[in-house]
Amino acid sequence: MAFPSEFLDLAKRVNNWGRWGSDDQIGTLNLITDEVVRAAAGTVRSGRRVALALPLSQQGVQTGMIPGRVNALHSMIAINWELFGPGTIATSDDVVTMGLQAGTHWDALTHISHSGRIYNGRSADTITAHKGAAFSGIDKVPHIVSRGVLLDVARARGVDGLASDHAVTPEDLEAAEEFGRVKVRAGDIVLVRTGQMRLFLSGDRQGYAVPAPGLSVRCPEWFHARDVAAVANDTLTFEIFPPEIDNLMLAVHALHLVEMGMLQGQNWNLQELSEVCAEEGQYEFLLSAMPEPFVGATGTPVAPVAIL
């Protein structure tokens with residue numbers, strides 16, 4: 001298909017191909033330096049910890065909209081089995097089948113391609129059925145620990161959740177900065193709260209899914225200018241859905257993952273974090289969001305923790 005000129009112009013302005021060398025596979029995570037992590041550790045004041053992951057179960061966020069992306073199916077393969085004979089210590093064991101992007105997760109840079117390319121100009125053909133992503137798979141990410149910043153767009157606007165047709169703009173992000181008395185800086189991981197997660201937590205799985213508020217195509221330039229390392233939010237689709245540009249689905253995905261080389265996370269539970277940040281008057285924190293190193297995977301479940 002011919003991509004709209006609006007998208008192509010944005011892609012040129014945020015492109016990071018070659019910025020960290022032609023062999024680079026982790027993109028904007030290069031911005032999380034030792035100095036950034038030392039500074040992030042300095043944000044810890046009370047020691048309060050907030051978990052940001054949803055439970056993994058058959059009652060997860062997936063409703064069948066994306067074929068094959070199944071919620072976690074947990075099965076016991078051994079229950080109190082006396083492995084070494086009667087009267088010996090017994091073991092219980094289990095397995096899980098799930099889509100790696102079914103719940104709270106990171107999208108790897110290979111999750112999206114366009115025009116036959118993935119991040120850093122590599123061919124999308126480097127993703128194969130048997131080996132997955134040869135380049136920029138989630139296993140290439142060694143660690144994700146940095147300063148986290150909550151941009152609580154919903155609370156800054158005085159609402160529990162944004163309307164389903166609300167596209168989060170750079171102006172919204174700046175208003176949330178001012179509300180939280182915090183400034184996004186290089187190497188940060190930005191968490192954008194829309195309040196959409198409240199629908200899922202109340203049992204409205206379909207209402208949570210679509211239509212949904214989310215990031216506007218104008219946001220990638222803002223993140224690019226601030227040298228943000230990664231972005232996550234509390235929605236299924238990440239960007240506003242249905243999209244702003246007619247007949248162009250996942251434009252923000254393409255700008256972040258392909259052009260910028262910036263990880264993005266979805267289905268993060270930011271409800272408790274919103275409350276804690278408001279109580280503490282603190283919208284910056286140490287964030288640990290370690291990827292599970294599935295070799296060749298285009299995404300990974302993650303159990304992030306914010307430490308204030």
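Salt bridges in a predicted model

Glu-284 and Arg-147 form a salt bridge, their closest N and O atoms lying 2.5 Å apart; the term stands for a side-chain nitrogen of Lys or Arg within 4 Å of a carboxyl oxygen of Asp or Glu. Glu-284 belongs to strand β13 (residues 284-288) and Arg-147 to strand β7 (residues 145-152), so the pair ties together parts that are 137 residues apart in sequence. Helices (H or I, at least four residues) and strands (E, at least two) are DSSP runs, numbered from the N terminus. Glu-284 and Arg-147 are both buried, that is, under 20% relative accessible area, with exposed meaning over 50% and partly exposed in between (1.4 Å probe, protein chains only).

The model is predicted: local features need pLDDT of at least 70, side-chain atom pairs count only at pLDDT 80 or more, and totals for chains, interfaces and linings use all residues. Residues are numbered from 1 along each chain as its sequence is written, and side-chain values use heavy atoms, with hydrogens and water left out.

A second pair is Arg-157 and Asp-172, whose side chains meet in a salt bridge at 3.1 Å, N to O. Arg-157 sits in the loop between α3 (153-156) and β8 (167-168), while Asp-172 is in helix α4 (residues 170-180), so this contact ties together parts that are 15 residues apart in sequence. Arg-157 is partly exposed, at 47% relative accessible area, whereas Asp-172 is buried, at 9%.

Some salt bridges share partners, and these join Arg-45, Arg-147, Asp-188 and Glu-284 into one network.

Lys-140 and Asp-139 also form a salt bridge between their side chains (3.2 Å, N to O). Lys-140 is partly exposed at 29% relative accessibility, and Asp-139 is partly exposed at 23%. The salt-bridge count comes to 16.
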